[in-house]
Amino acid sequence: MSTITYTAADQDQARSKAHFQITGIWPGLFLTTLVACAAYGVHLLPVVSTFSPLILAILLGMIFHNVVGTPASAKPGVTFSLRRILRFAIIMLGLQLTAMQIGEVGATGIAIIAVTLAATFLFTGWFGRVMGIDPKLAQLIGAGTSVCGASAVIATNTVTDAHDEDVAYAVACVTVFGSIAMFAYPTLGTLLHLDPRAYGLWAGSSIHEIAQVVAAAFQEGRQAGEFGTIAKLSRVMLLAPLVIALGVAAARHRSGTSSARAPMPWFVLGFIAMIALNSVVTIPPEAKSVIVSVTTFLLTMALAAMGLETDIAKLYAKGLRPLAVGAVASVFISVLSLTLIKLTS
């Protein structure tokens, strides 16, 4: 029988690795915090005071990343802000909502979300074939556009097994077009004379990333923001069924059975748990005010991180055809969801 021995050098190496994993996120956390604070500062200027710190944070982050460049040492912390802090902030956002408000989405709202998601994903795949791009890349763009941006792209790739550059392209594509929607929706909502509920449902059912929905929806007020967040999270819950369906379809073209599993959006469960808690426990107004402020700042950090990861140059790496697919898919989901909302209101 053989035994495995660990030397002092091995132990030192393990400790050094653990130390790096813990401390490696701090440069990025500092950078996202700095950008978030800058967004709050810029928000005080009269010319841009109409824009929320959330929108300003992603804009400042994009400018910094594409002009100066995000340092390599900051990447782990930026990713941590975009993934972990965003999800924690979404969980905390549940403390601002109650079960009674959730019921406001209704069967009609859920039906609009589901139909929009399915139609957009199928349309994107079809249009991708028309444009002659790789079917796997079209699926990634379709998932990111129809469900929840980068998270859906990464989750979908667990069953599509696309190339890394396809994943990077799809993430950059849905991030940029989602950001465009985030800036455009507040103005379009005003021009279309949408009430807070209709505007929130439109934003939540058609804008790509959760953070982008939060930024665009809250730009039109708290009621629109809360309803948009609820609608978006209802849409995120459909990610698992989509990935399962893609896994089943992929298994038909492979030998044996597919071992890919659909990722569970656990933060959505945390969000629901906080809503349940807020529905049965009365939180003092002073404490709730602090919670709202902290949650908003964490969301601003997450949006800053999104900007710091948005590389415009990646959109040109594979030419203009996939870019056209992403653009048309974004317009499709926006027009379809708005049409359904108008028809059922």
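**Pocket and packed helices**

Modeller: Start with α9, which gives the most to the lining of the largest pocket, with six residues. This is a predicted model, where local features need pLDDT of at least 70, side-chain atom pairs count only at pLDDT 80 or more, and totals for chains, interfaces and linings use all residues. Residues are numbered from 1 along each chain as its sequence is written, and side-chain values use heavy atoms, with hydrogens and water left out.

Biologist: What lines the largest pocket?

Modeller: The lining has 19 residues, and Arg 83, Ala 168, Val 171, Glu 309 and Lys 314 lie nearest the centre. Two or more residues come from each of α4 (75–93), α8 (150–160), α9 (164–191) and α15. These helices are DSSP runs (H or I, at least four residues; strands are E, at least two), numbered from the N terminus. The volume of the largest pocket is about 320 Å³. A pocket is an open set of points on a 1 Å grid over the protein atoms alone, with protein on both sides within 12 Å along at least five of seven lines; a 1.4 Å probe fits there, but in a cavity cannot get out, and lining residues have an atom within 4 Å of a point.

Biologist: How do the lining residues divide by class?

Modeller: Nine are nonpolar, three polar and seven charged. Ala, Val, Leu, Ile, Met, Phe, Trp, Tyr, Cys and Pro count as nonpolar, Asp, Glu, Lys and Arg as charged, and the others, Gly among them, as polar.

Biologist: Why is α3 called roughly parallel to α15?

Modeller: The axes of α3 (residues 53–68) and α15 (residues 285–308) cross at roughly 30° and come within 7 Å. That makes α3 roughly parallel to α15, as angles under 35 degrees count as roughly parallel, over 145 as roughly antiparallel, 65 to 115 as roughly perpendicular and the rest as oblique. The crossing of α3 and α15 is right-handed. By class, their contact has 11 nonpolar, five polar and no charged residues.

Biologist: What makes α10 and α11 roughly antiparallel?

Modeller: The axes of α10 (residues 196–206) and α11 (residues 210–218) cross at roughly 160° and come within 9 Å. So α10 and α11 are roughly antiparallel to each other. Tyr 199, Ala 203 and Gly 204 of α10 make the contact with Val 213, Ala 216 and Ala 217 of α11. That contact has five nonpolar, one polar and no charged residues.

Biologist: Why are α6 and α12 called oblique?

Modeller: α6 (residues 106–131) and α12 (residues 222–236) pack at an angle of about 50°, with their axes 10 Å apart. α6 and α12 are therefore oblique to each other. Ile 110, Ile 113 and Leu 117 in α6 meet Ala 231, Ser 234 and Arg 235 in α12, where contact means heavy atoms within 4.5 Å.

How values were computed: Axes are lines fitted to C-alpha atoms, for helices over the stretch in contact, and angles run from 0 to 180 degrees between N-to-C directions. A crossing is left-handed if the near helix is turned anticlockwise from the far one by less than a right angle, and right-handed if clockwise. Grid points are joined across faces, edges and corners, and a volume is the space filled by probe spheres set on the points.
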